[in-house]
Amino acid sequence: MRRRTEDVELQDVLPGEAGGWALGSLGAAANAVTVLRRTTWALIVAGPVLTVWVLVSRPAPVAPVAPVRQEQPAVGQSAGPGGFAELFVSAYLAAGEGTEDSLAPFLPTARDVTLRAAPGAQRAQELAAVKVREVSGGYWSVTVAARVVPSGATDTKAKPEGRSGSEAGSAPSRAVLRYFQVAVRSGAGGALSAAALPAEVAAPVSGEAPALAYGQSVPVPAADPAGQTLTGFFAAYLAGSGQLDRYLSPGTTLSAVSPAPYSRVEVAQVAETGTNDPGAQQSTPADGARRELLVQVAATDAAGQERPLVYAIAITARDGRWEIGSVEGAPVLSKGSARADEKEAQ
């Protein structure tokens, strides 16, 4: 009878404390199942709605950035066809039998070319496009100067003028200045190509010296305030002697040549627009006055070698002294010369 009583007591304990788990009542469990079932159905119903919301609210895709197209030089610009012709002439001079394919990047018909010379028998030491003439839209004739030396030559001195052919042949290591004419065309997308192999031509005829707008060149008087400014400026600009800024007008930005290539600089002569006597203006200048000068400089390097240099300079007056307003990119041409140049360009 005692054993049965213990079993009944054990059955009363198990539902709440079996194995240390708090099982709770059967009613609470039923309520939990109901909540879980309703939550599951709610998620099933809301699934399509959430999917649509995600699609609608997703940020629009960013369009890929198109690469920037490098434009070819416009018609009339010589940088593109000129540089292309230089590279073509360099490859042409170095090419030979069996290496015709090296011309393919420049000449589309290179597969039809047959060369007889030995490859590498000569090379171009220096090249420069000296003339670019537009034949028609997108089609140019380019004259390239090439200093040509035989393979393995180290002597870079050009052949002196007036030497006979036999004398020239006796010094095969000397560089010879030769000229080649190349026809360059612009195709689809601005791609450049050669229309044919280069043609060797005579040296271009030298043009006449342009007429400049300056008067006579004269030595700079020691008492000329402008001459003193020029002397100090060039000493600082080319020889690193003194502060450059003290000679510049406000707003003028200029850096000295660095490292300084010369140890001594002298202003040799000066010419001025509108007068043959630049030294006549020695009185105190009025503020805002402007003068355009062509300055000849004698610059001597550390080895004692003197070299002449010419600068187009504009000076302006401020507080009774002359200052450097600008260093121009080119001398001023006379009006007649400028009109002639414009007519020739047309």
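How many Å³ of space lie in the second largest cavity?

A: About 30 Å³ of space lies in the second largest cavity. The model is predicted: local features need pLDDT of at least 70 and side-chain atom pairs count only at pLDDT 80 or more, while totals for chains, interfaces and linings use all residues. Residues are numbered from 1 along each chain as its sequence is written, and side-chain values use heavy atoms, with hydrogens and water left out.

A cavity here is a set of points, on a 1 Å grid over the protein atoms alone, where a 1.4 Å probe fits but cannot get out; a lining residue has an atom within 4 Å of a point. Points are joined across faces, edges and corners, and the volume is the space filled by probe spheres set on them.

The second largest cavity is lined by Tyr214, Arg290, Glu292, Leu293, Ala312, Ile313, Ala314, Glu328 and Val332. Two elements, β8 and β9, each contribute at least two residues to that lining; helices (H or I, at least four residues) and strands (E, at least two) are DSSP runs numbered from the N terminus. By class, the lining has six nonpolar residues, three charged ones and no polar ones. Ala, Val, Leu, Ile, Met, Phe, Trp, Tyr, Cys and Pro count as nonpolar, Asp, Glu, Lys and Arg as charged, and the others, Gly among them, as polar.

The search of the whole structure finds two cavities of 30 Å³ or more. Around the largest cavity stand Val220, Pro221, Asp224, Ala226, Gly227, Leu230, Val270, Pro278, Gly279, Arg291 and Leu293. The elements that give two or more residues to this lining are α5 and β8, and α5 gives the most, with three residues. The lining divides into seven nonpolar, two polar and two charged residues.

Buried means under 20% relative accessible area, exposed over 50%, and partly exposed in between (1.4 Å probe, protein chains only). α5 covers residues 225-239 and reaches 21 Å from its first C-alpha to its last, close to the 21 Å expected; the expected span is 1.5 Å times one less than the number of residues.

At the start of α5, a side-chain oxygen of Asp224 comes to within 3.1 Å of the backbone nitrogen of Ala226. Such a polar contact is a pair of N or O atoms within 3.5 Å; within protein, one must be able to donate a hydrogen and the other to accept it, and residues adjacent in sequence count only if both atoms are side-chain atoms. Just after α5, Gly240 takes a positive phi of about 70°.

The loop between α5 and β7 holds Ser255, which counts as exposed at 59% relative accessibility. Ser255 touches Tyr237 and Leu244, not counting residues up to four places away in sequence. The C-alpha atoms of Ser255 and Tyr237 are 7.4 Å apart, although 18 residues separate them along the chain. Pro259 has its place in the loop between α5 and β7 as well, and the peptide bond from Ser258 to Pro259 is cis, with omega near -5°.

Asp319 lies in the loop between β9 and β10. Its phi is near 55°, a positive value in a residue other than glycine, and Asp319 is exposed, with a relative accessible area of 54%. Most residues other than glycine have a negative phi, and most peptide bonds are trans.

Key: 1 Å grid on protein atoms, 1.4 Å probe; cavity = no way out; pocket = protein on both sides within 12 Å on 5 of 7 lines; lining within 4 Å. Contact = heavy atoms within 4.5 Å.
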